[in-house]
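Please read it alongside the coordinates.

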Amino acid sequence: MQLVDRVLKTIEILSKEETGMSVSELSEALEIPASSTHRVLKSLQSNHFVMQNAETKKYGLSYKIYSICSGMREKSSLIALARPFMRQLVEEIQNPVVLCVMNGEKIINLDCVENSNASIYMVQTGNELPLYSTSSGRVFAAYMYPEYAYDILNRTDRRKETPYTKTDMNELMSELENIRKQGYAIIDEELQIGIQGVSCPITDYRGTVIAALATTTVKSEKSINENLIQKLKMCADKISEEIS
């Protein structure tokens, strides 16, 4: 089991490194000897799960991993149901639309439909993000039991990504109450300067929030307005109806 754990941990670590890692760097991250790290990498390489850059000698994930992930994403019923509505919304608002789900105590960008003129804020599928500083994260937190949301947020390392990032617990809990009342969450330059985000809940037949639909926009060009919010809410409602 120790070998399996090391292999899985290696894949997880390499998935977050765009330029790859050397044996010594990975050895330090895994907290195991370099010789053991080398054996793990060679096993993964022989099975075509990792590849080594000929120039830098660093290891990274191979395209086999991406192929497997792509197949999983295509088979996801939630993505399959949401995608047509997401494409239609992108045509209407000309902004990227993102489908997010909870992953442990964070959110993950499950799928994204980009518009033809991609904004400076690039959304990467598979990215894990905290609840406190993202519009989708706040949507999930808002529809949790308040005590549970407080517990998660209180344990989170709430860093100020920008001068506008809300990190105070009282302010965040008040924000969650407002989100429940209005049915959507907005972040204004809290994750990145010049970028706004808005998100709405997607619910199942029980009314439980199972996903969030979000869009981002460059503040100077297309500030979030009531028209955009209503279109996003309508799209989220349509996906909820389709799921139910």
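1. Glutamate 31 sits in the loop between α2 (23-30) and α3 (34-46), where helices (H or I, at least four residues) and strands (E, at least two) are DSSP runs numbered from the N terminus. Its phi is near 60 degrees, a positive value in a residue other than glycine. With 74% relative accessibility, glutamate 31 counts as exposed; the classes are buried for under 20% relative accessible area, exposed for over 50%, and partly exposed in between (1.4 Å probe, protein chains only).

2. On provenance: this is a predicted model, in which local features need pLDDT of at least 70 and side-chain atom pairs count only at pLDDT 80 or more, while totals for chains, interfaces and linings use all residues. Residues are numbered from 1 along each chain as its sequence is written, and side-chain values use heavy atoms, with hydrogens and water left out.

3. Histidine 48 also deserves a check of its backbone. The residue lies in the loop between α3 and β1 (50-52), and its phi is near 65 degrees, again positive in a residue other than glycine. Histidine 48 counts as exposed, at 54% relative accessibility.

4. The sheet is open and has six strands in the order β5-β4-β3-β8-β7-β6, with antiparallel pairing; two strands pair if DSSP finds at least two bridges between them. β5 (128-129) and β6 (185-188) are at the edges, each with a single partner strand, so one side of each has no neighbour in the sheet.

5. Which strands does β8 pair with, and over how many bridges? Strand β3 (residues 97-103) pairs with β8 in the antiparallel sense over four bridges, and strand β7 (residues 195-203) is joined to β8 by nine bridges, also antiparallel.

6. β3 and β4 are joined by seven antiparallel bridges. Leucine 99 stands opposite aspartate 111 in β4, and cysteine 100 stands opposite asparagine 109 in β4. β3 is mostly covered, with five of its seven residues buried.

7. The hairpin of β7 and β8 has five residues between the strands, with glycine 207 at a positive phi near 85 degrees.

8. The largest nonpolar core has 26 residues, and Leu99 and Leu213 have the most contacts inside it; a nonpolar core is a set of buried Ala, Val, Leu, Ile, Met, Phe, Trp, Tyr and Cys residues joined through side-chain atoms within 4.5 Å. At least two residues of this core come from each of α5 (77-93), β3, β4 (106-113), β7, β8 and α9 (226-243). The most come from α5, which gives eight residues. A second, separate core of 22 residues includes Val98, Leu131, Ala142 and Ala212.

9. Helix α6 (residues 135-142) has eight of its eight residues buried, so the helix is largely enclosed by the rest of the structure. Among them are Arg138, Ser135 and Phe140.

10. How many disulfides are there? The count comes to zero, taking a disulfide as a pair of cysteine sulfur atoms within 2.5 Å. For cysteine 100, the nearest cysteine sulfur is that of cysteine 112, 8.9 Å away. Cysteine 100 is buried, with a relative accessible area of 3%, and cysteine 112 counts as buried at 11%.

11. The second largest pocket holds about 250 Å³ of space. On a 1 Å grid over the protein atoms alone, a pocket is an open set of points where a 1.4 Å probe fits, with protein on both sides within 12 Å along at least five of seven lines; lining residues have an atom within 4 Å of a point. Its volume is the space filled by probe spheres set on the points, with grid points joined across faces, edges and corners. There are 14 lining residues, and Lys106, Pro130, Tyr132, Asp157 and Arg159 lie nearest the centre of the pocket. The lining divides into six nonpolar, two polar and six charged residues, where Ala, Val, Leu, Ile, Met, Phe, Trp, Tyr, Cys and Pro count as nonpolar, Asp, Glu, Lys and Arg as charged, and the others, Gly among them, as polar.
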